[in-house]
Amino acid sequence: MALLELSGLTKRFGAFTALDDISLLIERGEVHCLLGENGAGKSTLCNLVFGVHRPDAGTMTLGGEPFDPRGPAEALQRGVVMVHQHFSLVPNMSVAENLMLGRASAVLKPQDIIVRMEQLAAEYGLEIDPEARIDELSVGERQRVEIIKCLLGDPQLLVLDEPTAVLQPGEIDALLAICRQVALRGKSVILVTHKLGEISRVADRTTVLRQGRIIETVTMEGADIRSLVRSMVGRDVQSAGSVLAAAVDIEGKTPAKPSDAAGPVSPGEAVLQISDLVYRDPHGVPRLDGLSLTVGTGEIVGIAGVEGNGQTELGLILAGLAAPSAGAIVVGGTQVGGCTPQEITDAGVGIVPEDRHAVACIKELSVAENLFLGAIGKFSRFGLLDKSARRKAAEAMMRDFDVRASSPDVSMASLSGGNQQKAVLARELSLDPLVFLLAAQPTRGLDVGAIEAVYNRIRAARDDGLGVLLISSELEELMAVSDRIAVIYRGKLVGELAAGAFSREAIGAMMSGHAHV
Amino acid sequence: MIDEQMAVFIGSGLRLAVPIIFAATGEMLSERAGVLNLSLDGMMLMSAFTAALASWATGSPLLGVAAGVLVAMAVAAVQAVLSVTLRANQLVVGIGFNILALGSTTFLYREIFGPLSRDPIPGFAQLNLPWLAHIPVIGPALANQTGLAYVSILMVVVTWLILKYTSFGLAVRAVGEDPRAADKAGISVAKTRYLGVLYAGILAGLGGAFMSVADSNTFTENMTKGAGYLAITAVIFGGWNPWYTLAACLLFGFATALQFLVPALQLDVPVALLLLLPYLLALVAIAGFVGKSRQPSALTIPFERGG
């Protein structure tokens, strides 16, 4: 008998149907992968099983009994545990304190937890210092704490939502091994991912979701990876080009260099010059530690690294949202380190920031208003705003950059993530002067079609002679787009590879702090 | 002579600190859970009035304290409903309560006691603990306090123990720091915050009741004179740590007591300036420390469950 049975689950958020009539069986002792693009409904499905949301229609049974959790507490009680995409650990508490949270008796007994941790360390190889504070741990270690937290109660079902997105290659292997261990002990695992390479290594069965519906469920033995990809994106693999090759990453092979007829222009003079950049955060923790980097005209330089090694801070400093503690940043001869965002824009720097919603656009304002956020004066006559001129300019820009919205007057919030990002790119690439573009995590949360569009824009900007710095946590993305990849580790660049010499293994090793390979 | 005055100064400093210690200790726990009770002063004032009324009506100061605490808890319960369940702006709710408390106690006081009542109400006697009195300088001041004063220090210890050694305390810290994580660990954010606010209500009630039935044995209009705000300041000044908060409360108490010491020493300092001193100190404390100490991340932010 199956452990978990879902029948006819439907979940709507307002007018948007996130899940539509989902029926699925999860067997005991299996690793079941959920595969799908962003927005396919994978996370929503997990959240229903874990009681974070409640379905609008449909029923679940767990171990043969009806299962309708009204909250995570009830799901936990029934032996369903979940590791979320965003960790649920209290940062300023110790590992042991986090593990005691929500399960301890009236008086805390840290000793009991430590004993249990030792057992789990022996069983699964999950070792961690119980006294360490969460905010001192690496992302991989934090995830380990999450998994330990889940396994403490001896659960029946472990749900992992995109667990590998934040990990470096070595850590991914360890995680997949743990999944197998958990399944071997008769528990079930639901693993959400959009990386096929992982699925073929760990899954017993895989269910493909697209736009809230189940496309197919396949047993992995002898399954055809290509057909899974087709189910996932809903069209032929070829049409999506290099993106898919990159996203698919079958067996960790290096995807072919995109066929780009013009080829990269050989890099010219330096447009961005960073020397000995140091940044300490408000707590005095060094985040950047003597980073030096040069980007030439007509060149895309990618920054690879495990999240939390200083790439976010580098992006913030280049955008003028944080002031460096020491070091110099020169763009086209102008010193911009510590300058205001306006001064940086005037120096010819376009910024696609990492946090699109918080920094790049104002969601409540219209598309037109967002497109000319930095150039309000351009459409002002005698202090009054000339809206029709602005609308016309916005329409032209939206056409050029394929921003799909019913009109420039609709709010930014009503656009899809991909169109929002295209609008941001449109604004930044229309700056004058423009010599350098920073693109930080430019495709995060976008669907395949939009990703391809963003790549093409970035490549076109490069071909026009711009210097581009691409910061990304997706190794495949960096390898598909960059002319050169520099690897950041603990606030320093530890190595560099030129196009043609990219390899996952070499970059992965550098990302984990091993010197040049 | 000087010794005697020092003893009086220390004694009155401690006495004046007690209501702030009560209120600040409870508020500290509530803020650790993420709820700011700007209504603290109102809770104290309502409790002070109710305690005076009940003590006067029954002749028992103990019943007075009980009644005061109950009323403060009632205010806290409403504050919790508004700021936790209905996710109202905690600052606005708090200010509203304070205005309501000032208006209603003033009105009821004039209605019940008459506009210029100076009748003493039954209050607690001071304990006289001989074993404490032997300590030089501070001994007499420590020994001659009402029982409630010792309870205030006890509550600091209790609160510290709760936060450090109980699962409720762990839940409080988690809920104030990262409610989403706490929720996913199976903790009820709402329940924890309700309990935190009620705890602040009980202690603010004790602090308010102390003013009317243990300290002055009378009620006067607006008798808290912003003690609740000082308590909130003490929490910030104390960096959300029970012991530092206690120290901040004592500082405010002694600063207030200077208005008795300085004239007695015949120093030529305007009394009005001395009256101002604790509030000025509070301002300096906030300006100087608010940026440096790290407040609970989720303080004043209502929690809503979401993906």
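How many helices and strands does the secondary structure of chain A come to?

## Chain A: overall build

This is a predicted model. The secondary structure of chain A comes to 18 helices and 22 strands. The C-alpha trace of chain A spans about 70 × 45 × 45 Å along its principal axes. Chain A has a radius of gyration of 24 Å, which agrees with the value near 24 Å for a compact globule of 517 residues.

Of the 517 residues in chain A, 48% are buried. Among contacts in chain A with a separation of 6 or more, 67% join residues 24 or more positions apart.

## Where chain A touches chain B

Chain A gives 22 residues to the contact, and chain B gives 19 residues. On the side of chain A, the elements that give two or more residues are H1 (42–49), H2 (72–77) and H3 (95–100) of chain A. H2(A) provides the largest share, three residues. By class, this side of chain A has 14 nonpolar residues, seven polar and one charged.

## A helix pair in chain B

Helix H3 (residues 61–85) and helix H4 (residues 90–113) of chain B have axes that come within 10 Å. The axes cross at roughly 150°. That angle is over 145 degrees, so H3(B) is roughly antiparallel to H4(B). The crossing of H3(B) and H4(B) is right-handed.

Which residues meet here? From H3(B) come Val75(B), Gln79(B), Leu82(B) and Ser83(B). They meet Gln90(B), Val93(B) and Phe97(B) in H4(B). The contact of H3(B) with H4(B) has four nonpolar residues, three polar and no charged ones.

Terms used
Residues are numbered from 1 along each chain as its sequence is written. Chains are lettered from A and ligands numbered from 1 in the order in which they are written. This is a predicted model: local features need pLDDT of at least 70, side-chain atom pairs count only at pLDDT 80 or more; totals for chains, interfaces and linings use all residues. Axes are lines fitted to C-alpha atoms, for helices over the stretch in contact, and angles run from 0 to 180 degrees between N-to-C directions. Helices (H or I, at least four residues) and strands (E, at least two) are DSSP runs, numbered from the N terminus. Angles under 35 degrees count as roughly parallel, over 145 as roughly antiparallel, 65 to 115 as roughly perpendicular and the rest as oblique. A crossing is left-handed if the near helix is turned anticlockwise from the far one by less than a right angle, and right-handed if clockwise. Two residues are in contact if their C-beta atoms, placed from the backbone, lie within 7 Å. Ala, Val, Leu, Ile, Met, Phe, Trp, Tyr, Cys and Pro count as nonpolar, Asp, Glu, Lys and Arg as charged, and the others, Gly among them, as polar. The radius of gyration is taken over C-alpha atoms; the globule rule is 2.2 Å times the number of residues to the power 0.38. A residue is buried if 20 or more other C-beta atoms lie within 10 Å of its own, exposed if 12 or fewer, and partly exposed in between; C-beta atoms are placed from the backbone.
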